[in-house]
Amino acid sequence: MADRNRVQTRKKERKEKEPADATKAPAEGGKPAESEEVPAAEAAATNGAVANSENGDFPIEPMELPPFEIITGDRIDPFLFKFQFKNVEYSSGRNKTILCYLVDKGDGADGLLRGSLEDEHTGPHSEEAFFIQSLPDYDPALKYTVTWYVSSSPCSACASKIAEVLRARKGLKLSIFAARLFEWEEPEIQAGLKALHAAGCKLRVMKPLDFSYIWDTFVENEDEPLNLWEDCKDNYEYYQEKLSDILQ
């Protein structure tokens, strides 16, 4: 791989994902994110989402949702995509998670659900928010196939919660394709990725073709083609090698 020594000598993703009550600065040069408050009815529904061993509901403890800074939508800003999803070896300014998702319920009624989540880390991270907002009503009679394209792999806390969901919801199959590995050298992060893998989650680093797919499917691209950065393929190969080493 090109310039491997350079990549290996740097610590990847050294900037910690901040706790839920911390305030996030927007990405450098990016648009200020507009917050979206949760209606009272939705907050009440969230507070009532308690685990049930019979239907495998995700155990969300009752909580107040105080500015709830999860941005949802169908298409994301092109600058935001190019900055946050770039699979570089450093994380300066890349301090939020963008999650693009596809959901197939397998019943043919609703078709393929598609959307995106962007966290500002004043509430749940995007991974947790997906189960609260985008897939709140789990039907154990259905078979769910869920695909995530995320700007970075989950933190240890999110990995633990996702693994818990997968163990409880036997009818849900999740694939996570990450642009970068977050803090991959940290033991707790590696343990979280292993727990996800053991719970049946498919984990893979995003290939160059995946970036083009997201651009075409989830980005307000105005029919402009995506020009991938020079070291996209090299960085993919490096991160995928590290992920394979962790999961073996």
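The following legends describe close-up views of one predicted protein model.

Residues are numbered from 1 along each chain as its sequence is written. Because the model is predicted, local features need pLDDT of at least 70 and side-chain atom pairs count only at pLDDT 80 or more, whereas totals for chains, interfaces and linings use all residues, and side-chain values use heavy atoms, with hydrogens and water left out.

**View 1. The elements of the protein chain.**
The protein chain has 8 helices and 6 strands. Helices (H or I, at least four residues) and strands (E, at least two) are DSSP runs, numbered from the N terminus. In that direction, the order of elements is α-α-β-α-β-β-α-β-α-β-α-β-α-α. Of the 248 residues, 51% count as buried. Buried means under 20% relative accessible area, exposed means over 50%, and partly exposed lies in between (1.4 Å probe, protein chains only). These areas come from the Shrake-Rupley method.

**View 2. The salt bridge of Glu-118 and Lys-96.**
The structure holds 4 salt bridges; each is a side-chain nitrogen of Lys or Arg within 4 Å of a carboxyl oxygen of Asp or Glu. In one of them, the side chains of Glu-118 and Lys-96 meet at 2.8 Å, N to O. Glu-118 belongs to strand β3 (residues 112–119) and Lys-96 to the loop between α3 and β2, so the pair ties together parts that are 22 residues apart in sequence. Both Glu-118 and Lys-96 are buried.

**View 3. The salt bridge of Glu-128 and Lys-161.**
The closest N and O atoms of Glu-128 and Lys-161 are 2.9 Å apart in this salt bridge. Since Glu-128 lies in helix α4 (residues 126–134) and Lys-161 in helix α5, the contact ties together parts that are 33 residues apart in sequence. Glu-128 counts as buried because its relative accessibility is 12%, while Lys-161 is partly exposed, with a relative accessible area of 32%.

**View 4. The salt bridge of Arg-204 and Asp-210.**
The side chains of Arg-204 and Asp-210 form a salt bridge at 2.8 Å, N to O. Arg-204 and Asp-210 are both buried.

**View 5. The negative surface patch.**
Glu-220, Glu-222, Asp-223 and Glu-224 form a negative surface patch. A charged patch is made of residues with over 30% relative accessible area and no salt bridge, in which like charges are joined within 9 Å. Lys and Arg count as positive and Asp and Glu as negative, without His and the chain ends; the place of a charge is NZ of Lys, CZ of Arg, CG of Asp or CD of Glu. Asp-223 is found in the loop between α7 (208–218) and α8 (232–247) and is exposed, because its relative accessibility is 75%. Glu-222 lies in the loop between α7 and α8 and has a positive phi of about 50°, although it is not a glycine. At 72% relative accessibility, Glu-222 also counts as exposed.

**View 6. The positive surface patch.**
Lys-143, Arg-167, Lys-170 and Lys-173 make up a positive surface patch. Arg-167 is part of helix α5 (residues 156–168) and is partly exposed, because its relative accessibility is 48%.

**View 7. The backbone at Glu-183.**
Glu-183 is a residue other than glycine with a positive phi, near 45°. Glu-183 lies in the loop between β5 (172–178) and α6 (187–198). With 2% relative accessibility, Glu-183 counts as buried.

Notes
Patches are made of residues with over 30% relative accessible area and no salt bridge: like charges are joined within 9 Å, nonpolar side chains (Val, Leu, Ile, Met, Phe, Trp, Tyr) within 5 Å. Accessible areas come from the Shrake-Rupley method with a 1.4 Å probe; for residues, only the protein chains shown count as cover.
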